[in-house]
Structure formats: structure tokens, C-alpha cells
Amino acid sequence: MLIVACVKQVPDTTQVKVDPETGTLIREGVPFIMNPYDTHALEESLRLKDKYGFRVAVISMGPPNAEVTLRKTLALGADEAILLSDRVFGGADTLATSMVLTGAIKKLAEKEELGIVMCGRQTIDGDTAQVGPGIATRLGCSQLTLVDRIEEVDIKAKTIKVRRKLEGRHEVVSAPLPAMIAVLREINSPRYPSVPMRLEAEDTSIVLWDNKVMQMDEATIGLQGSATQVRKIFSPERAKGEILGGEADKPEDSAKLLITRMIEKDLLSL
Amino acid sequence: MTATVTAFIIVLILAIAFFAYSCYQRFGLVLKGKPDNRFNAIGKRLWNMLFYAFGQRRVVKKPFGINHFVLFWAFMILLISNTEFLLNGLAPDTISFSLLPDGAYFTLALIFDIMSLLALIAVVLAIIRRFTFPPPYTEAKSRDAFVILGLVAGLMIAFFGMNACEIAAGTDRAGVWMPVANWVASWLPSGAAGLDTGAQVCWWFHAIILLAFLNYLPYSKHMHVLTSIPNCFFKALEKVKTQPREEFKKGNTFGVGEVENFTWKGLFDSYSCTECGRCSDACPATFTGKPLQPRLFIHDIKMNLLKNADKDGHKELPLIGGEGEGSVKEEVIWECTTCGACMEVCPVFIEHVPRIVDMRRHLVETKAKFPEELLLLFENMEQRSNPWGIAPAERTKWAADLDVKPFEAGKTEYLFYVGCAGALDARNRHTTISLAKIFDKAGISWGTLGRDEMCCGDSLRRLGNEYVFEKMAQANIKMFAEKGVKKIITQCPHCFSTLKNDYRQYGVELEVVHHTEFINQLIREGRLKLKSDTDLGKIIYHDSCYLGRYNGIYEAPRHVIASATGSAPLEMERSRDNGFCCGAGGGRMWMEEKEGSLINVARVEEALKKEPDTVCVACPYCMTMFDDGLKDKEASDKVRVLDLAEIVANALPDE
């Protein structure tokens, strides 16, 4: 049975600044990393592989340089890595992205029974958390979001039981496979690649699927297939901060001062 | 041939055969280790052997080492006597010193008699010591120790008994030339009938103890009698201040997970351990009650080799993570600060730190198994080239209000390699700013790499993440070459030692200088004038391991302090080559200290004993550790920590 882990290569957003003049992201010289949420999705896939014997395929839609990130997934233990890259995929919003990813998953599922599609909760560059659910919708499979623990997988009965972290409570739910699972970062702590695995990954070729392979309708993908367009990017104005407590001698006084101010500003829900 | 001679020949053949078999078996195991060329520079090696083994140079650094010196040399000299003894047993009528002319025979007799007495005294003192002021480890009172001491004492007593009987019987003409034996003889009835038998009995006792001693050696800690002299010959030609590179090729093993993955020298080291305990005595981890004891670590390597000896291919006892003697616990491997204090004191030059790093490499590179707090460090280093994962753009923040120029080939003489702590840590940025002021004042042509600067990779290398270290080292070397960097000033001793010593393995010779030496040079050359009356109260200097022990820089910082304040700094009990680590080296900076008490607090306590007003450090890690330690001791109101550069910046004359 197959797990497809979806990962995205993103710019290291801590290093991205917005050009105030043009309103665009300054990407020059900014290194790319694997979306941190996706590292947990991959880790969870690999843990299920170790426990139940799934095969793990990783897919990523992005420019050719996303190969670096895919290679890293191989070093961590993924069985196969596929890069979905074509000019016509470019400029996609979450809808168009989920179309391409779904297309690739369906293609993989033709050869091998699909068990789980594993996604990170969201990406750190787009922050929409829509692609995972988008895939589930397009695949027509179970949709399990905000998962912070996988309780068990019953391969025979083809069901999965997970714990979802909601506001102030947890919820344990079961669902039939195949299922799309979007994980939180708390779910696990990712492994570190060993050197033999890294060396192995360096020599493995990354499979490239362009639209010749994928055969997607161009109207549904890329810029054309996107339902949304970015009009402007800007850094929100931030009110100037204030340092409190200069006049307070004791920590108790500082604390009092801070709480009073927070109440004044209505920052505490009382 | 008499019956005695025949009996002796049989005993001797059996004894030598068994000894040869033991040696073949034990030393055969050493050859299972990986290759390591320790046969170059023979002249230098012979000198090392002469100086350190025969000269007992390091042994006598501790007061009781004198006792060992005496025993060692008594033994060396008695080796001649004992060789004659064995040969004489084979051919009593043809081989004997007594056949020499009187002068020669009497001189030898006198020397052997005195040496035997010295050896006996040394053994008695060693026994007394074990009951009154024992060496710093519990096994000093082991059965092993007493068996050997007993055998040596028995050997000497038998020697005196044999000679005394012969003197009393009138069969040895060297009587008065053997004062001890002669004194013993004075208690015996002269010319009595049993004396011949007495001499025979003592002779046999002597022979059997001698051969038993020989055969006991390979099976005890006293194997060092056989191995420590060659180990001084095989010692590293330069001070051990780095780790060998690894070749990243498919199919290779990375680090040491099984005992045979050590080099043969690594295994031979374990045979050379005398179990004197000086390494553990000097170790900051041992001192603060952590399970790491360098002496036991080396002992476990030896025991692992021996215990797995007969198991072909199949290792019953794992080198890492097994139970009991002969296996090293994982946490032990992570506790080392790589401060090098153990290697500095080892009388036979065992190389502890590279062995520990070898095992870390196995855990990190092959097993990907390490304390969890290191995961973030490794990711940050690989992704953002600094330990905290701070955005590289922040590297220039310290220079916001200064006129700092970028390094330009041809125009700039020195690259000021600020280092991660110097650029990104709030406290250590003050040191960086002080250095910038000093350089400008002295009219130095300097520049930085700004946000392009990358981490040197020190912590990764010490933590065994050689794969990522190599990538970082290569990236740095490439950048230095592209930018035409040749001369580098560093603020951090870790950057200093890594750029200077580790990068050399990649074929680059950079002229690297640490700010302590650089400032000292500026002062000496008169390029930097200081007010010599800076009042920072009593200053105590703490030696950074990577500056001091690793690179021998002890005097420069002390000179600078004297120049800036008019007086020499206070010294801690443990200073210079005996200095005690702050606790942050070897990647420990990024790890929790879970076992025992805190190393930095122990060091702060030591400093506070001298009641200083200022602790002077020359390393950003030491800065952090002292800052934290003083807070822990609630002494940060009274005692401040300053980097040497800050003290100097304080002493710059006003315009």
C-alpha cells in the first residue's frame, strides 16, 4: 500500500523581505528549504512505513531546483521522489496546485493501491492550509486535518484512527482509507539523515513528470487554472513597541504594570 | 648437564612459549585496526621515546611520579641483571658476571644491589600510598595492583636472599659490594650447612617469580610495561588538535561503531593505559560527577577488543551502548568537551579525544542518533550556517553604527572573521565592536565578509557531524579563495583553531591569528598605545582550551592584561596547560548538561576563590558560560566578565 507525501520547497521566510517600492518578495540570495510542516508529514509517512510496511512516494510541484529538497526526502528514507515541473504548472494558486498534485496521486494510484496522502498543515510561504483539503476533495477521499497523532492503521479493514487537535480539546476519529491527513508539527520530531542514506540519495535520479507525462487540461492548471490572483504584497505597518517596567523596582511591580496595560488595551479576555 | 639445569630449561621454554603465545594473541588483535602511518620521522620518534618514555617526562610532573621514575629505572637496570640470571641458569659455568674481573663484577654487583633496594622501597611506598593517600581512582587497590607489587617485592626479596645465602656461605666474593645482601647475610649463620640449599631455594623463587611476572604482564594493566615505551615512539608528532578527515564514498564506514574500526594506534593506546587515572583527574566531566571518565573510556575499548576477540565476525559485546565493562554508554560519548586536558596529562600520550569524536561520528553519521537538542543545531548549521538559525542578514547588525568596510582583495590586508557568536550573540557583539575600535586605532587595514560570512563548522566537527562540516569547510575555503583572503583575524578561539588547524587538511594554509595574539603583537610593535592604569579591579584570566591547550597561547593574553592594567592577572588554581574547561567546548555549548553538577559553575567557583573583580576571557563560549555561572552563584553584581578585547578597548587613550 502506498503513502504519497506531498512536500513543497519554500524560500526560508525568516530571510525573505518585501521590497517596499515594488511590493514584491526579495528572493535573491534567499536559500530554499523544505517547508517545515512537510518535514513532519514526511517523518510520519516514514514512521508508518517502518511500522506497517507502506511504500512512501514523495511528490512536489515546483521549479527544477526543487530537486534538492526531493533528494533530501530520499536521504531520509522515501522510496521514490517525483518532481512535477512544467512551465504550464507555474503561477498556480491553491486550487490549481491541488489539481496537479491530485493528478499525480491518481497516476501513482493506477499502479499501486493508495492508502494515505500525507500533507503538512500549511506552507510557511502561502500559509493557506488549503492544498491538503483541496487534494482530499478532488480525490474524493477521507479528509483528516489538524492531526497530532496517528493512533492506528488497520490495513485489512482499510481504516485509520487519528487524533485531531482542536481548540481546547482533542478528537479521536476513524476514517476509511484512502485518506488525506494534514499533520501538525507536534505530531513527531523529524529524523536526521544518515551519511550512507545521503550518499545513496546523491546517486538516485529524481523522476520528472512534466505535462507531457501528466496530460492535464491546461485550463485547469497553472495561472490559467487559478481562481485567485495576487494583486499586491506588502508588509503590514506595525505600531511602534513600548518598553515597560523601567520605573518598577521589583518583578511583582513589573508584572502588575504589564497586566494593567494589557487590560487597558483589551488584550486579555476576562 | 645437571638435573637443575634440565629442569630450568624446561621451565624457561614453557614460560617463554606461553609469553610468546600471549603476545601473539594480544598484539594480533591490534593489527585488526585500520592503518595509520606512525613510522615516519623515525628520528623524531626515537627522540620522543627517549624523552617521554625513558625520561619519564610527564610521569614526574606529579610528585608521586618520582616513585615510578625510580622503579622504572631500577627495572631497566635490573633487566641486565635478570638477563644474566636467566642465561646463567642455562649455562652456570660459562655465563656469569662473576667470571668478569673483580672491578667490573664488583661495580655491577653494587649497582644491582642498590637498584634492587630502590625498587623494593618504591614498591613498599606504592603499597603504603594505596592505603594512605590513594591515587584518584578506586581500582588503585585492585587485586591486579597488589599482585604485581607483590611479585616485584618478592623478586627483590628473593634476589637479596639468594645473594645473602651465597655471601654467608662464602661462595660469592662480591660480599661487601652488595651492602643490602651483605647486611642480610650478617643475620645468617656463616658457613652453616643449609646455606647452599637456601641459595638454591631463593634462586628458584627468583626464577619462578620473574617468569610468572613476565607471563602476568599481558593479562593485566601492567601490559603497559610492554607497550608504553613503543606508544611514546608512536605518539602523534604534533599536538593532537584536530580529527582526521573521512572519505565520503558509498560503502565506507563512518566513524567507529565497532572496535576494529579504530586505527591500530587507537587499539594500541588502550593497551598502553597504565590506569594511573591522571586523565580522569583532569577531566571536567569526571570532576563534575558525570559518567564519563577518560580512563574508563580507554579501558572499555581494551576490554571490548579482548572480550570480542574469539568471536569471529559476530560481536557479542557492542562497543557502544552495551552493559558493563567493555562497552561505552552513549551519554558518556556526548559528555566530552574535547578540552584536551586528558591528553595533556597522559604520561604515555593516549589520544582520548579523537577516539570519542570517532564514536560520535558513528552515532551521528551512521545511526543518525544523538541528543535531541542537537537536531536543531544540525539543521540550523546546514541551512543557515550558524548555530541559532538566525537569518544571515543579521550578521552585520553589530556594525550598524560603525563604519565597517567589506573585505576587498588587494585593498584589505586582514579579514576580520567575526564568527557566529561575535556577530549574532548580543553579549559577544560588544567584543566585536571593541575589536573594531582597536583595529581602527592601530591603523589596521581590515574588512569583513558581512552577511556572506559562514560558520567555520567547529561544533559540527567536534560533535561528529563530519559530513556537514566538510561541506561547510569546503564552502568557506572556496569563498576565501574567490575573495583572495589570506590573512585572517578571529575573535573566537574555535574559529581560530578550526581555520588554522582543521582547514589545513584541505590543503589551504591560511595565516590565522586570534585577537589575543594580534593585540599583543600590536602592543609590542608600538602600534597600539594603551593607558596602563585601567581600573577594573583585580582581574583573573581564564584560559580557553582551544587557545591554550590546543594552540599553546598562554602568555599573549597575560601580557596584554599587564599592558592594559599595569599588573599581571590573578591565576586560578588550574591554569595554562592545566586549565579547566568552561564546559562549552566540543559542541557542549548546544547541549543540556543533565548529569552531575555544572562545569561552568565549578569553574566560576574556582575563580571566585581568588576574589576577582573581573574575569577576563578570550572566547565567546567562555563568556556565556561565565556569565551564566556567575548568575548561578549570585555573584554577577560583584564580578563582571569581560573579553580581553573589551579590556583593551577600555584602555585606549582618549583622542
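The legends below describe close-up views of a predicted model.

**View 1. Chain B as a whole.**
The secondary structure of chain B consists of 26 helices and seven strands. Its C-alpha trace spans about 100 × 60 × 45 Å along the principal axes. Of the 655 residues in chain B, 58% are buried. The accessible surface of chain B is about 27400 Å², and carbon and sulfur atoms account for 59% of that surface. Among contacts in chain B between residues at least 6 apart in sequence, 78% join residues at least 24 apart.

**View 2. The contact between chain B and chain A.**
Chain B contributes 22 residues to this contact and chain A contributes 20 residues. Together the two chains bury about 1700 Å², with 55% of that area on carbon and sulfur atoms. Five salt bridges are counted between chain B and chain A. One salt bridge joins the side chains of Arg384(B) and Asp12(A), with an N to O distance of 2.4 Å. Seven residue pairs are in polar contact across the interface of chain B and chain A, both residues being at pLDDT 80 or more.

**View 3. The side of chain B that touches chain A.**
Three helices of chain B, H15 (352-366), H16 (373-384) and H20 (466-483), each supply at least two residues of the side that touches chain A. The largest share, six residues, comes from H16(B). By residue type, this side of chain B has eleven nonpolar, three polar and eight charged residues.

**View 4. Helix H21 of chain B and its cover.**
Helix H21 of chain B runs over residues 493-502 and is mostly covered, with nine of its ten residues buried. The buried residues of H21(B) start with Pro493(B), His494(B), Cys495(B) and Phe496(B), and continue with Ser497(B), Thr498(B), Leu499(B), Asn501(B) and Asp502(B). Helices H19 (458-462), H20 and H25 (620-632) of chain B are among the elements that cover these buried residues. The cover also includes strands S1 (414-417), S3 (487-490) and S4 (511-514) of chain B.

**View 5. Thr565(B) in helix H23.**
Thr565(B) is found in helix H23 of chain B, which covers residues 555-565. Thr565(B) counts as buried because its relative accessibility is 16%, and the cut-off for buried is under 20%. A polar atom of the Thr565(B) side chain lies 2.7 Å from the backbone oxygen of Ile561(B). Leaving aside neighbours within four places in sequence, Thr565(B) is in contact with Ser532(B), Thr534(B) and Ile539(B).

**View 6. A salt bridge in chain A.**
Glu112(A) and Arg55(A) form a salt bridge, and their closest N and O atoms are 2.9 Å apart. Glu112(A) lies in the loop between helix H3 (94-111) and strand S8 (114-120) of chain A, while Arg55(A) lies in strand S6 (residues 55-61) of chain A, so the pair ties together parts that are 57 residues apart in sequence. Glu112(A) is partly exposed, at 22% relative accessible area. Arg55(A) is also partly exposed, at 28%.

**View 7. A salt bridge between two loops of chain B.**
Glu238(B) and Arg504(B) form a salt bridge, with the closest N and O atoms 3.3 Å apart. Glu238(B) lies in the loop between helix H8 (224-233) and helix H9 (264-272) of chain B, and Arg504(B) lies in the loop between H21 and S4 of chain B, so this pair ties together parts that are 266 residues apart in sequence. Glu238(B) has a relative accessible area of 44% and is partly exposed. Arg504(B), at 34% relative accessibility, counts as partly exposed.

The side chains of Glu482(B) and Lys478(B) meet in a salt bridge at 3.7 Å, N to O. Glu482(B) and Lys478(B) are four residues apart in helix H20 of chain B, so about one helical turn separates them. An α-helix has 3.6 residues a turn, so residues three or four places apart point the same way. Both Glu482(B) and Lys478(B) are exposed.

Over all chains, the count comes to 60 salt bridges. Side chains of opposite charge can pair when their charged atoms come close.

Key. Residues numbered from 1 in each chain as written. Chains lettered and ligands numbered in written order. Predicted model: local features only at pLDDT ≥ 70, side-chain atom pairs only at ≥ 80, totals over all residues. Heavy atoms only, no water. Contact = heavy atoms within 4.5 Å. Buried area = accessible area lost by both parts, 1.4 Å probe. Salt bridge = Lys/Arg side-chain N within 4 Å of Asp/Glu carboxyl O. Polar contact = N/O pair within 3.5 Å; in protein donor to acceptor, adjacent residues only side chain to side chain. Nonpolar A, V, L, I, M, F, W, Y, C, P; charged D, E, K, R; others polar. Buried < 20%, exposed > 50% of the residue type's maximum accessible area, 1.4 Å probe, protein only. Areas by Shrake-Rupley, 256 points an atom, 1.4 Å probe, with all protein chains shown as cover.
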